[in-house]
Amino acid sequence: MTKNNGIANSILDLVGETPLIKLHEITKNLRGSYFAKVEAFNPGHSSKDRIALHIINDAEKKGILKKGATIVETTSGNTGFSLAMISLVKGYKCILAVSDKTSLDKIDLLKTMGAEVHVCPANVAADDPRSYYEVAKIIHKKTKNSVYINQYFNELNIEAHYRTTGPEIWEQTAGKITHLVAASGTGGTISGTGKYLKEQNPNIKILGVDAIGSVLKKFHETGEFDSNEIKPYKIEGLGKTLIPTATDFDIIDVYEKVSDKDSAFAARELVKKEGLFCGYTSGAVIQATKQYSAMSFFNEDSFVVVIFPDHGSRYMNKIYSDSWMQEQGFLD
């Protein structure tokens, strides 16, 4: 972190070194001690600041990213915001392809940060030319002097968390951590963090969180990509309908799937019981933690770290809206 007497040179110097906060009420009926790595304290309010900055810095060092370039990416919103923020600071143009299940709050934020946004249908195959994966590739091919970040298949996604999130958690827990519970989307967070932690202590269990409607859990267990697993779901930034190479499945011990409804209520419960205003995926992580506890994964000596990826302000038109919750059939 480049600082002078506590003054950051730019907002980018504030990426990382997020706090670890002890959980009390929401986990009081669970065995063990629980601590949240709250990534909303990053300047872009999510863990994606880490990978966006690492990938861009690497591209600059290699001479791939040059003055006047355009950054192109596929995103559920958070990576896009981080890229847009960094692009503004560094002077790049930013074009993003997002799925139509991305919250309106996120889309508005991306546009506010100067990004050009293309909204694509979520419920189409990954190789469909309308999917946000393919749209981003097409934009990249058509745009001169552009760089495609490609977070789902970029090893630097893992490396960013291996270099930062993992060491931070190890230091903050003084090596006492026994379990890590983390969402799995692109897989960079859980893979990079998990890899570092297992190198320090191979007995640490890495517990993944997947969504009902995603293919990751079954692929992890069987090595089979089963398209029959794919169903529409609402949680953003969790699970996948393809297999991202930015996920190191060997690092992850087990996956647990969570539902849209349970995750939404868990996020709301997190606010009311801990005062932590976090996003939909954070609700999914705490819900999975409860489910893991019910399956006796933890004991009285467990020191469990959960990663909360982003801030609740990105979901005001979704899980924190009673009308949206009613539309989904989550509220009577």
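Reader: How many helices and strands are there in the protein?
Author: Happy to start there. This is a predicted model, where local features need pLDDT of at least 70, side-chain atom pairs count only at pLDDT 80 or more, and totals for chains, interfaces and linings use all residues. Residues are numbered from 1 along each chain as its sequence is written, and side-chain values use heavy atoms, with hydrogens and water left out. Helices (H or I, at least four residues) and strands (E, at least two) are DSSP runs numbered from the N terminus, and the protein has 11 helices and 12 strands.

Reader: Which share of the 332 residues is buried?
Author: Buried means under 20% relative accessible area, exposed means over 50%, and partly exposed lies in between (1.4 Å probe, protein chains only). By that rule, the buried share of the 332 residues is 58%.

Reader: Which residues of helix α6 are buried, and why are they on the same side?
Author: Good one to check on the model: α6 covers residues 165-172.

Reader: Which elements do the buried residues of α6 pack against?
Author: Contact here means heavy atoms within 4.5 Å. The partners include the strands β4 (33-38), β9 (179-183) and β12 (303-308). The helices among them are α1 (48-61), α5 (155-163) and α7 (188-200).

Reader: Is Ser184 buried or exposed?
Author: Look in the loop between β9 and α7, where Ser184 is found. Leaving out residues up to four places away in sequence, Ser184 touches Ile190, Val209, Leu216, Leu238, Gly239, Thr247 and Tyr255. Its relative accessibility is 0%, so Ser184 counts as buried.

Reader: What separates the C-alpha atoms of Thr245 and Asn154?
Author: Thr245 sits in the loop between α8 (216-222) and β11 (254-258), and is partly exposed with a relative accessible area of 44%. Not counting residues up to four places away in sequence, Thr245 touches Tyr152, Phe153, Glu155 and Ile158. Although Thr245 and Asn154 are 91 residues apart along the chain, their C-alpha atoms are separated by 7.3 Å.
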